[in-house]
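Biologist: Could you walk me through this model and tell me what the words you use for it rest on?

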Amino acid sequence: MTIQRLNLTHFRNIAAADLEPAAGINVLVGENASGKTSLLEAIYLLSLVRSFRSKKLNNLISHSAKQFTIFAQVKADESNVYSLGIQRNQQSAATEILFRGQKSTSVAELTATLPVQLINPDAFCLLEGSPKERRQFLDWGVFHVEPSFIHCWKRFQRALKQRNSLLRRDRIDNLELQLWEQELAINGEQITVLRQAYLAQLKPLFAHLLEKFLKSQDFTLNFQRGWDKQLSLAESLLAARVKDREQGFTQVGPQRADIRVAINGYTAMDVLSRGHQKLVVSALKLAQGALLSKIRGKQCVYLIDDLPAELDRQHRAVFCDVLEQQSGQVFITGVDAKALADGWQKPVNISWFHVEHGQISPKPYLGNK
């Protein structure tokens, strides 16, 4: 997937922008708070209908404006070009979604059409954040490669909500509880099977990228499914009923799953420098993009916020080389144009943009080092 045209109006400090980005590498250079990250945020929002910087979408509307609009033309292949759009009004509690020229309520349609991978300072959460961050990472990948996942996930979430509601009642209808636990167990087990199968395919790609980034294959990617290995999910739910009733929520199941990256038996975040942590996180996300391309023939759009941060020149060069080999559309931001240009060790077609006070304009070619 590639974005052929991107139009923003009244989005944060960008009053209006109309870009025709390249299908390959796009670099945005500008001072801090100029609007670079806002452009990445807009693309991310167009895919997931949520921001990576703010929980309230009304906060993204420019000061004194009534609404923001994000519109894009996305090319799937030579014969398929789709229009996607997001609009948020100050007076409305809902976000309007435009999918292929029609209004839609399906976030899943947008996400499936425009798969986006974000690598920014918050990406460290994959190593040091909560299990929820890592489950979202894992489920993003399973969603894009396994069509049956979203159906199982929705049924599981519904059953989980119903069981939790029953646990908080003064009196529990045991028959009703059993029915919801059966639904929970069937779909929870299937979700776990899909997650494990996905990780099995992801691991060799992850190891390959780590070998390039860190010259090491001593890393392991471990999966914890969220309940006792010796029991089925149905058995675990039954065994946990009393404690779950005391706590008022379900404490076992795939909603408690986690993945961990370790090196020589130690958690990666405990033994690696920040620069190496960034490379591990980047390897995870780039591996996801590579697997999507391998299985579904779809390319990710990669959003790299402040690429030079935490990386020396040598590692920037390796990172840039990997990005080019991924063959997806890439948007990179940075303050130092020279540091960004130095990352490319061989001639590469790069579209440069200058960002200043919310204004985005093409920038002359800087050349490659």
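Here is how that conversation went, term by term.

Modeller: Ground rules: this is a predicted model, where local features need pLDDT of at least 70, side-chain atom pairs count only at pLDDT 80 or more, and totals for chains, interfaces and linings use all residues. Residues are numbered from 1 along each chain as its sequence is written, and side-chain values use heavy atoms, with hydrogens and water left out.

Biologist: Why is α4 called roughly parallel to α10?

Modeller: The two pack at an angle of about 10°, with axes 10 Å apart. Axes are lines fitted to C-alpha atoms, for helices over the stretch in contact, and angles run from 0 to 180 degrees between N-to-C directions. Angles under 35 degrees count as roughly parallel, over 145 as roughly antiparallel, 65 to 115 as roughly perpendicular and the rest as oblique. So α4 is roughly parallel to α10. The helices themselves are DSSP runs (H or I, at least four residues), as are strands (E, at least two), numbered from the N terminus.

Biologist: Which residues make that contact?

Modeller: Contact means heavy atoms within 4.5 Å. Among those involved are Phe137 and Trp140 of α4 and Leu284 and Arg296 of α10.

Biologist: What makes β9 and β11 edge strands?

Modeller: They belong to an open sheet in the order β9-β10-β11, with antiparallel pairing. Two strands pair if DSSP finds at least two bridges between them; β9 and β10 have six. β9 (219-224) and β11 (266-267) each have a single partner strand, so one side of each lacks a neighbour in the sheet. α4 packs on this sheet too, touching β9 and β10, and its direction makes about 100° with that of β10.

Biologist: How do you know that β12 and β13 pair?

Modeller: Four bridges join them, in the parallel sense. Tyr302, for one, stands opposite Val330 in β13. Both strands sit in the six-stranded open sheet β8-β12-β13-β3-β14-β15, where the pairing is mixed.

Biologist: And what makes something a pocket?

Modeller: On a 1 Å grid over the protein atoms alone, a pocket is an open set of points where a 1.4 Å probe fits, with protein on both sides within 12 Å along at least five of seven lines; lining residues have an atom within 4 Å of a point. The largest pocket holds about 1400 Å³ of space. Of its 41 lining residues, the closest to its centre include Tyr44, Arg50 and Phe137. α4 gives the largest share of the lining, eight residues.

Terms used
Points joined across faces, edges and corners; volume = space filled by probe spheres on them.
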